[in-house]
Amino acid sequence: MTDTAGHDTDLPHVVVVGGGFAGLAVVKGLADAPVRVTLIERRVYNTFQPLLYQVATGGLNPGDVTYWLRGLHLKQKNVRVVHEHLVGIDHEGRRIHLLNDEWVPFDYLVVANGVTVNFFGTPGAKENALPMYSRSQALKIRDQLFIRLENSAFTKTMEDGLRVVVVGGGATGVEVAGALAELRTAGLAPAFPEIHGDAFEVKIVQRGKELLKAFDPKLRAYAAKELEHRGVTLHLGAGVAEVQPDCVVLTDGTRIPADLTVWSAGVSPHEEVDAWDLPRGHGGRIAVGPDLQVEGRPRVFAVGDIAVGPDDLPQLAQPAIQGGKLVARNIRALLEGRPTARLRYRDKGTMAVIGRRAAIAEIAVPFTRWRVKLTAGTAWLVWLFVHIMSLVGPRNKVTTLAGLVTRYGFPFHRRPIPIVGDVPTVRPPKRAPDPAEPETTDPAEPQPDGTTTPDGTAPAEAAPSTPAAGGKTSGTAGA
């Protein structure tokens, strides 16, 4: 038997929920396996989240960091992509329930739907801060950035500029702040002579006393120094008590004026996971065993940011990719009656970029505990290479490389033109009709009764209408 996609329905059915790093790794790992794969994703594309901040700050187009998921079927014929949303799981019947009320049976289920922003219950954060965990959110930040810059250009003084507060001092927060500072210095200063350079403020708020706590102390110090050199103000040692429309209030009582607040302080599982009857662990993530099978749920796996195992790995791309590959191997093992393997995570290192010729990187040396620590231009080149090679699809690699080189590379960085956001068009107000003004018509048009023209003369006799195809006439009555 075959289904509507042409797949043999006698083959075991693997359902993968989520098309991120982990989900794609599972799907690709089953490319030549004797299974049929259904990938369910609420969006029609995969998003390369490590570069979303470049979209938000006008460095890249959104299409550069997204990949059309249906393109997977061009090389992998056993996969079917379904644009839908998971709302429930029937564990007894081994089937899932989709938002369109469809039930999809499965032999193996992989939950890899990722996480979303976590506001930690901070008053006003959801209403007044902009998160950056999806393409649409990144575009909203870019649009708001350019809208508020244009508004600032029409204020009375050059000191009335734009004040941006970035909440969170992790890699995302540092990269956002660094990109904004680079945009201000190289791109917007000559383009907005109406705004004094110091009037475009970029600030980072971090609860801890240091940025980038996952990095070596020397690299943290380098990053802080580079940010301050680029004019980014650091507020360390106090968290956010409240986000208001025009300011951020810290736990120590400090009020920081803010025209735009970007939230990059943390993530949490989506609310709908509560209805899936799956065990939860640290941070509300789905609890899995060493082989990434959900505890107490045979043949149900969870992988990526949504899952937490005995090793409590960081929510980064590499744990998700390596976990997805392991899940694919373990499904093959179960199909063949072999025991599953545990995840042996290989830490390849981590990195963050601050701006042109400024980045930090810790590269793990294979089979040793040594980590090579890089800064400045060398780290930036390594960062560029790793991110370009990690993108899905050759077109994305080429366009992203071109975008980053024209933003940071010599001599393009001297006159960078950012990818502008969607600023509303200036239109004159529509004139309301004057009730005292008499209605006029075109003298060449016959009046409704067909008898006279506006000047009182009789209209010329109309020529007979010409029959059109099908026997109908081309006159207005037959239109």
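Visitor: What counts as a helix or a strand here, and how many are in the protein?
Guide: The protein has nine helices and 25 strands. The model is predicted: local features need pLDDT of at least 70, side-chain atom pairs count only at pLDDT 80 or more, and totals for chains, interfaces and linings use all residues. Numbering starts from 1 along each chain as its sequence is written, and side-chain values use heavy atoms, leaving out hydrogens and water.

Visitor: What is the mean pLDDT of the protein?
Guide: The mean is 85, and 84% of the residues reach 70 or more; pLDDT is the predictor's confidence in each residue, from 0 to 100. Residues 448–479 fall below 50, and beyond near neighbours in sequence this stretch has 24 contacts in the model (contact means heavy atoms within 4.5 Å). Where pLDDT is low, coordinates should not be read in detail.

Visitor: Why is Phe367 called exposed?
Guide: Its relative accessibility is 87%, so Phe367 counts as exposed. The classes are buried under 20% relative accessible area, exposed over 50%, and partly exposed in between, with a 1.4 Å probe and protein chains only. Phe367 sits in the loop between β24 (358–364) and β25 (371–375).

Visitor: Which residues of helix α1 are buried, and what covers them?
Guide: In α1 (residues 21–29), the buried residues are Ala22, Gly23, Leu24, Ala25, Val26 and Val27. Their cover includes β1 (13–17), β5 (79–83) and α7 (317–335). Over the protein, 46% of the 479 residues count as buried.

Visitor: What makes a nonpolar core?
Guide: A core is a set of buried Ala, Val, Leu, Ile, Met, Phe, Trp, Tyr and Cys residues joined through side-chain atoms within 4.5 Å. The largest has 59 residues, and Leu145 and Trp383 have the most contacts inside it. Helix α5 (residues 171–188) gives the most to this core, with seven residues. A second, separate core of 50 residues includes Val16, Val294, Phe301 and Leu343. Nonpolar side chains tend to be buried together in soluble globular proteins.

Visitor: Which residues is Trp383 in contact with, leaving aside neighbours within four places in sequence?
Guide: Trp383 touches Leu51, Tyr53, Gln54, Glu175, Met351, Val353 and Leu404.

Visitor: How do you know that Glu272 and Arg42 meet in a salt bridge?
Guide: Their N to O distance is 2.7 Å. The rule asks for a side-chain nitrogen of Lys or Arg within 4 Å of a carboxyl oxygen of Asp or Glu, so the pair qualifies. Glu272 lies in the loop between β19 (267–268) and β20 (286–287), Arg42 in the loop between β2 and β3, so the pair ties together parts 230 residues apart in sequence. Glu272 is partly exposed at 21%, as is Arg42 at 34%.

Visitor: Which parts does the pair of Asp347 and Arg371 tie together?
Guide: The closest N and O atoms of this salt bridge are 2.8 Å apart. Asp347 is in the loop between α7 and β23 (349–355) and Arg371 in strand β25, so the pair ties together parts 24 residues apart in sequence. The count comes to 15 salt bridges, and Glu182, Glu226 and Arg230 are linked in a network of them.

Methods: Helices (H or I, at least four residues) and strands (E, at least two) are DSSP runs, numbered from the N terminus.
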